[in-house]
Amino acid sequence: MPPARPGPKAPITAPPLDFSDLPPRGWKRIDAFAKEYLKVPKGVGAKEPFRLRRWQLDIVKGLFPQRVNARPRQGLLSLPRGNGKTALAAVLALYCLFADEVHAAQVLVVASDERQAGHVLRAALGMIELDPRLDEQVHVYTDRIVVPHTGSELRVLPADVGALQGWDPTLMIVDELHVVTADVWEAVSSASGKRESSLTLAISTPSDSIESVMWKLVEYGRSGEDPSFYFREYAAPAGCDLTDEAAWKIANPALGDFLQIDAMRAMSRTVREPAFRRYRLGQWVGSEDTWLKFGVWDALAAPERTVEPGTKVVLGFDGSVSGDSTVLVGCTVEANPHVFMVGSWNSEGQPDGWQVPRAEVSSAVRKAFADYDVLELACDPWGWRSEIQGWAEEFGEKRVLEFDTSFRKRMAPATDLLYQAIQEKRVSHDADAVLRAHVSNAQAVTTPQGDVLQKDERKRKRRIDAAIGAVVAHARAVHHFTNKPRRRALSW
Ligand SMILES: Nc1ncnc2c1ncn2[C@@H]1O[C@H](COP(=O)(O)OP(=O)(O)OP(=O)(O)O)[C@@H](O)[C@H]1O
Ligand SMILES: [Mg+2]
């Protein structure tokens, strides 16, 4: 959320803005309003007048035709990341807030989480702050911007059926529809429509599932049957080559403009293919995919690479109580790290009621500390707190770290790090069979924090613990390699 300007709100002393020089309502007015009152907040052309690009204007034309009675009631714009979705939403929101000649205009921004909703509000506020004429017209609160002269407001609402009742919006924007559920969309669309003209607009990258509201709307839009439904989809041709830059351009109208081609090139090398197709090429690829393509892990096997006693390593520990596997994975601390299995304990083939031999696990940990120069033991704490406590006492608090593998903010970057190292062949492994199986079982699930690994829900027996352990050990090893203790500077 943007920071509210705290304290009581001073009365607005500036006279109401006079927009009579602008063209009549419709896309031409929006274009003129943006040029005259809005500035690019950051990036290419920062602080310069906000010029809607030709393709952006085409969208605005479709949404706000000059003939008011030809305006669509609903719209869906599917665009890959970084093509100014949030910025466009903010421009439309500001236009409707200030200059749409509607008294007490109500502009609502709906988002699945506060952070997402905050994006549009923050972008809008950023633009307001760049123009003193707009700035002196508004009162800013944490969840809304109000124009007291006209009674108009721009407000953020949570994607919650209850919160969406009882409004009368002129414009309702859903930023990132792919995370919105069917009942929320239902509530969103029934909230609007009381006014002579109102628009519910969703702007989004594709969802990961065809069991989503977005997919239903995409199908509806593609059918082209309903003139009151505006639909525009930017996507690369299905099945195009990942490196086909002409296909990138089809999906990314801002490419080479405010979306940098170098950044796309870098991502095409390091982002997983399904994520690249979905987020960067606007394609529907579904979620059914394993983390690594077939053969990729095996190609990195280097069983001949031994880890000598005394080598600097990091250990990753993922323990279970009975069901899953308990694993201890090592990773060397060097430019091209080597991942190796230290030990794994598995209920498979064991009698019913089998429990992990905790003492045996502890002695394996102890042996690893004796064999190698262990910089760190990173442990998932679930079910093993007392052992971890014991290890910390034995090997030093500084060397024993809790690493909660269910914490996505931590796990997603770690997963990404190993993924990139694998793609760029900057890591090897000992060809351990358990590790190999677990890596091949791992599916990637895309979360707002990034990809994380999960097992196939329908095949619960397919374990992935060793893959998780490898992700943790590798991430911490990279951390130790890149943050070598600095030599203290001499000082007098
Ligand atoms: N017409 C324009 N002129 C200049 N810059 C623009 C224009 N339209 C958008 N931008 C800029 O493009 C940048 C990226 O836009 P934005 O964050 O809105 O993209 P997005 O599609 O919402 O991305 P994401 O998918 O990551 O949410 C912003 O800095 C924005 O100001
Ligand atoms: Mg955005």
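Mentor: Start at A87, where a backbone N or O atom lies 2.8 Å from an oxygen atom of ligand 1. That is a polar contact, meaning a pair of N or O atoms within 3.5 Å; within protein, one must be able to donate a hydrogen and the other to accept it, and residues adjacent in sequence count only if both atoms are side-chain atoms. Taken alone, ligand 1 exposes 640 Å², and the protein buries 86% of that. Those accessible areas come from the Shrake-Rupley method with a 1.4 Å probe; for residues, only the protein chains shown count as cover.

A word on the source. This is a predicted model: local features need pLDDT of at least 70, side-chain atom pairs count only at pLDDT 80 or more, and totals for chains, interfaces and linings use all residues. Residues are numbered from 1 along each chain as its sequence is written, chains are lettered from A and ligands numbered from 1 in the order written, and side-chain values use heavy atoms, without hydrogens and water.

Back to the site. A polar backbone atom of G82 is 3.1 Å from an oxygen atom of ligand 1. For G84, a polar backbone atom is also 3.1 Å from a ligand oxygen. The shell holds 17 residues, and Q56, R81, K85, T86 and A87 come nearest; near means a heavy atom within 4 Å. Six of the shell residues are nonpolar, five polar and six charged. Here Ala, Val, Leu, Ile, Met, Phe, Trp, Tyr, Cys and Pro count as nonpolar, Asp, Glu, Lys and Arg as charged, and the others, Gly among them, as polar. Helix α3 (residues 85-98) gives the largest share of the shell, three residues. Helices (H or I, at least four residues) and strands (E, at least two) are DSSP runs, numbered from the N terminus.

Now the sheet of eight strands. It is open, with mixed pairing, in the order β3-β4-β5-β2-β6-β7-β1-β8. β3 (139-140) and β8 (229-233) stand at the edges with a single partner strand each, so one side of each has no neighbour in the sheet. Strands pair if DSSP finds at least two bridges between them. β1 (residues 74-78) pairs with β8 in the parallel sense over five bridges. G75 stands opposite Y230 in β8.

Helix α2 (residues 54-63) lies across β1, β7 (199-204) and β8, at about 165 degrees to β8. Contact means heavy atoms within 4.5 Å. Axes are lines fitted to C-alpha atoms, for helices over the stretch in contact, with angles from 0 to 180 degrees between N-to-C directions.
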